[in-house]
Amino acid sequence: MRASYAGFVTLGVVAILAAAALLQPAVAEDDPYRVLGEKEEFGVPGEMMTHYLFAQVARAEQAWKDAYEARKTPEAIQEYQQRLKAEFVNRIGGVPERTPLNPQVVGTLQRRGYRVEKIIFESQPRHLVTAALFLPDADRYPPPYPAVLVPCGHSNEAKAYPNYAGYGALLATNGLAALVFDPIDQGERHQWQDADGKFTLWGTAAHNMVGKGCILLGWNIARYEIWDAMRAVDYLQSRPDILPDKIGCSGISGGGTQTAYLMALDPRILAAAPGCYICGLFGRLLKTNGPQDAEQNIFGQLAWGMDHADYCMMRAPQPTLLLTATRDYFNIEDAWASFRMAKRLYGRLGYPDRMELAETDQEHGFTKQLREASVRWMLRWLSGRDEAIFEPDDLDVPSKADLQCTPQGEVMLLPGARSAYDLNRDQAAALAARRRQLWDETPREALIRQIAEIAGIRPLEELSEPKVDLRGELERPGYRVRKLLFQVDEGVVLPALLFVPEGAPTGKVLYVHEQGKAADAAPDGAIESLVRAGKIVLAADLRGTGETQRTGQRYFQPDFHGPDGQDFYVAYLLGRSYVGMRAEDLMICARWLRTNSSPQDAPPELIAIGHVGIPALHAAAVRRDLFGPVTLVRPFVSWTNAIELGVNKVPLVGTVHGALAVYDLPDLAALLGDRLSTVDPRDALGRPAGQ
């Protein structure tokens, strides 16, 4: 019988913690508990994890470049393409099974020089996709037609955004069909309905929220986008007026991401033109802009060698045109660097002319010159027409109202419609059933090994003893506070406070707080209560908390994802888990405290406040021998709860890719049994559990 994670309640000292461990401001510059200077060997304390992770990115980049230079023969290139495609698909969680599209033509428009069919189809059962199919004038261009799939960038209007709809019209007036479709959380496909019935969550913010649930499932939100696009190709190929072997794809920004993914994975895309996206994760993108939204970060891709150039090289020698802008925030120099790498590889296969680049002296967006360049590319490779077409000033572009496919403008208001949140919930339920069987049939030690592997927690024997420096000391009535600095890895330090009572200690405690060691260090605070009970207390800043907390990374909505979402995603791209790294910090500190304080070799109690309870639970479950009783204050009840709620406040640093395939937080709690106590457990929105 497995224990309930939220079921343990204790009295005594932890009752004090429940009252004292409230959220407090981060460490101030004049904080008496500060251990680090304004600048250390690794740089500014708040940027420690950024520097640490970028050092690993640099090592991964060198390995990636070395592998590229060794890839000379057609056989080596083919092996690389097959291997990378398989790993790409695996890292997004595979693709769903093909089910009936059940397409509907819900309206038609007759425009000047072309017509439009308004389409709804099901990429998965009742997961509805809205699209506009632009078709040439049959009198001027008799069918069947080549077709171009147009995934949309991050515009809330999506298919109705004038530049995207205008691109569809430009293709159709030049003899090519174009299927312009709404991605999830844009256009008519907003996936989350607020309590008041409105649809306010959209675009990157919405993608990041769905994406967080996908991480726990071992998926990526890109799985949804890629599959929608693949099913859109299925739909095009099902029509008698479309040439099934003459399909292209072109999109800008977020649509450029989708184009890059689809062209890499789907061999049916004959000609491709991704725009305002291809540059380089190994280039300036991570260092200047930081990681972009969830679908643009594939778990471990830098570790196993997949950067932007690879999306082109995986499809070589099929025709590919990069659409770029000189003043884009997707750096133009990196776009050229990726282009050159891809073009060289195309040349190794004998087709250097099939990899090209168009640059316009503009900012980010599907500008007129890029629309023209893309249409010319598609005409060349899909129709055999090498024509310098230009977009007329009076091009007839449909409006948002013209292209609306659903009665109320939202697919989720249609009967039986299922959102990405619903599909995530389905998978979470399926994994829960599999976990029950796994935990019933698998020996405990084997389960612990799987947990450690998924979270990225190395065996304690592989973790070096820390270098510990004394940085100062405070005197308090009845005890002393030593300022310590633990160096636990190259470029990673843990500032800590060691509270030592007068007289013989009665026990020892390892204390971590989501706001850092200073949160409960004040006189009459929770830590002092423990010290006055005769206990030695080591209060430590886990990496990226307290003094080394990264701030200012607001791209990933700190209120919902935490303040360090971009650092999280750099680690994610490297295949590393913050939970695993912080669990190792705890193991190192516990080992040190066990052997360097009295009573000798006695395991310390572990107290964790807030979201750092997640790595604390991992550390204690993986190495029970290192810790005595474990107390978690305000812990999240489960990861599954986050997926069930949909919108949630579990920080990104509190997630582990694919964990729910093997375990959830209550499973870790069950490994600890009655050694675990919890105070004030919370649901994934931070509310008291059960409310």
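The paragraphs below go through these topics one after another.

This is a predicted model, in which local features need pLDDT of at least 70 and side-chain atom pairs count only at pLDDT 80 or more, while totals for chains, interfaces and linings use all residues. Residues are numbered from 1 along each chain as its sequence is written, and side-chain values use heavy atoms, with hydrogens and water left out.

We begin with the sheets. Helices (H or I, at least four residues) and strands (E, at least two) are taken as DSSP runs and numbered from the N terminus, and two strands are said to pair if DSSP finds at least two bridges between them.

Strands β12 (residues 492–501) and β14 (residues 535–540) are joined by four bridges and run antiparallel, with Ala539 in β14 as the bridge partner of Leu497.

Next comes a covered helix. Six of the eight residues of helix α21 (residues 665–672) are buried (under 20% relative accessible area, with exposed meaning over 50% and partly exposed in between, for a 1.4 Å probe and protein chains only). These buried residues are Leu665, Asp667, Leu668, Ala669, Leu671 and Leu672, and they pack against α13, α14 (444–455), α19 (613–622), β16 (630–633), α20 and β17. After α21 comes Gly673, with a positive phi near 60°.

Several other backbone positions deserve a look. Most residues other than glycine have a negative phi, and most peptide bonds are trans. The peptide bond from Pro143 to Pro144 is cis, with omega near 5°, and Pro144 is found in the loop between β3 and β4. Another cis peptide bond joins Ser598 and Pro599, with omega about -5°, and Pro599 is in the loop between α18 (578–595) and β15 (605–609). Ala158, although not a glycine, has a positive phi of about 50°; Ala158 lies in the loop between β4 and α4 (162–172) and is buried, with a relative accessible area of 0%. Asp680, in the segment after β17 (676–679), likewise has a positive phi, near 55°, but counts as partly exposed because its relative accessibility is 32%.

Ser383 lies in helix α11 (residues 368–383) and counts as partly exposed because its relative accessibility is 27%. Leaving aside residues up to four places away in sequence, Ser383 touches Pro146, Leu176 and Met378.

A cavity is a set of points, on a 1 Å grid over the protein atoms alone, where a 1.4 Å probe fits but cannot get out, and its lining residues have an atom within 4 Å of a point. By this rule there are four cavities of 30 Å³ or more. The largest cavity has a volume of about 50 Å³, a volume being the space filled by probe spheres set on the points, which are joined across faces, edges and corners. Its lining consists of Met209, Val210, Gly213, Tyr421, Asn424, Ala642, Ile643, Gly646 and Asn648. Helices α5 (203–217), α13 (420–441) and α20 (639–645) each supply at least two residues of this lining, and the largest share, three residues, comes from α5.

Terms used:
1 Å grid on protein atoms, 1.4 Å probe; cavity = no way out; pocket = protein on both sides within 12 Å on 5 of 7 lines; lining within 4 Å. Contact = heavy atoms within 4.5 Å.
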